[in-house]
Amino acid sequence: MPDAQRPEPVLPDPRNAGILVYVNGAIVPREEACVSVFDSVVQAGDAVWEGLRVYDGKVAELEAHLDRLFDSAHALAFQEVPSREVVRQALFDTLRANGMRDGVHIRLTLTRGKKVTSGMNPKWNQYGPTLIILPEWKPPIYRDRRLRLITSSIRRNNPQCLDSKIHHSNLINNILAKIEANHAGADGAIMLDLNGFVSEVNGTNLFIVRRGEVITPHADSCLPGITRGLVLRLARADGIPAVERNVSMTEVYTADEVFATGTEGELAPVEEVDGRRIRGVEDRPITRRLQQRYAEWVRTHGTPIPE
Ligand code: PMP
């Protein structure tokens, strides 16, 4: 159906109708923010990305996100990658142009760039990468919402197939898992690794708490999430034992507490997995404590947006 005949779309947050988006040096209204049909992200999902959050005039964990972005681009052998300073400046310029200082999520994407002809071969990339900075009003929503999860039939890649340490935009496995969650009326789907251990949820990392210990899977087949890393550090600093090890679904069902982590949703308590109720979900003392520590950290430790 042509766009003109469609009913007016309903945005999750109506304030986002007026946002400005950065695309390769230009900061333009969302309707004008476009990439070429020849762009690598259109041709084969050939791009890397980061999701960041702004709290109280500060970008949380900015340098960690930039490290992962540049590592991912280097691993994919992107050429002519913009400097760290250019990316940082573009991010600040875009936030300032939007007057955004709190309750904001930023989707930052770096594609291999426009090609001279359609196809997958990076040889056809002769324009340099495309940098997109898409900030939206998106206050965290999961602090008190309890998630219901299922286990997906789709496995998360391990380094034999595609290393999950590259934060690429080729996330079809995870989208298929999310479709399964949608069909089951669940909030998300746990993806297993090739050995049947837990990898992560389709768009977040997973933690369990057992007898006072915080446990999350090795980052062999999951994204080494920035929130995941921070939660491990905050737990240890607070005297809570925190380990990375293989986790089976039985351990998830029988955990005292379960929570998912990610920049967008912070720490989100899990109430039910595959129909099993998480027994400590009402009190969830360790989840609450870590949510508190996380909220304190991101409000005080971010990189300030220059005036
Ligand atoms: N897993 C996947 C698949 C993700 O896309 C994300 C979001 N980037 C996460 C986990 C959470 O990562 P982070 O804590 O760095 O936001």
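This is a predicted model: local features need pLDDT of at least 70, side-chain atom pairs count only at pLDDT 80 or more; totals for chains, interfaces and linings use all residues.

Residues are numbered from 1 along each chain as its sequence is written, and side-chain values use heavy atoms, with hydrogens and water left out.

**Exercise 1.** Work out how many disulfides the structure holds.

*Solution.* Start with the criterion: a disulfide is a pair of cysteine sulfur atoms within 2.5 Å. Next, take Cys161: its closest cysteine sulfur sits in Cys222, 15 Å away, so that's too far for a bond. The count is therefore zero disulfides. Now look at accessibility, where buried means under 20% relative accessible area, exposed over 50%, and partly exposed in between (1.4 Å probe, protein chains only). Cys161 is exposed because its relative accessibility is 52%, while Cys222, with 1%, is buried.

**Exercise 2.** Compare the end-to-end reach of helix H5 with the span expected at 1.5 Å a residue.

*Solution.* Helices are DSSP runs (H or I, at least four residues), numbered from the N terminus. The expected span is 1.5 Å times one less than the number of residues. H5 runs over residues 226–237, twelve residues, which gives 16 Å expected; first to last C-alpha, the model has 17 Å, close to that. Its buried residues include Leu230, Val231 and Leu234. Ile226 is also in H5, and its 14% relative accessibility makes Ile226 buried. After H5 comes Gly239, with a positive phi near 80 degrees.

**Exercise 3.** Find which residues of H7 are buried, and where they lie around the axis.

*Solution.* First the length: H7 (residues 285–301) has 17 residues and should span 24 Å, which agrees with the 24 Å between its end C-alpha atoms. Then list the buried ones: Ile286, Thr287, Leu290, Gln291, Tyr294 and Val298. They sit on the same side of H7, because their arc (taken from the directions from the helix axis to the C-beta atoms) is only 135 degrees. Pro285 and Thr300, on the other side of H7, are exposed.

**Exercise 4.** Sort the lining of the second largest pocket into nonpolar, polar and charged residues.

*Solution.* Ala, Val, Leu, Ile, Met, Phe, Trp, Tyr, Cys and Pro count as nonpolar, Asp, Glu, Lys and Arg as charged, and the others, Gly among them, as polar.

How values were computed. Helices (H or I, at least four residues) and strands (E, at least two) are DSSP runs, numbered from the N terminus.
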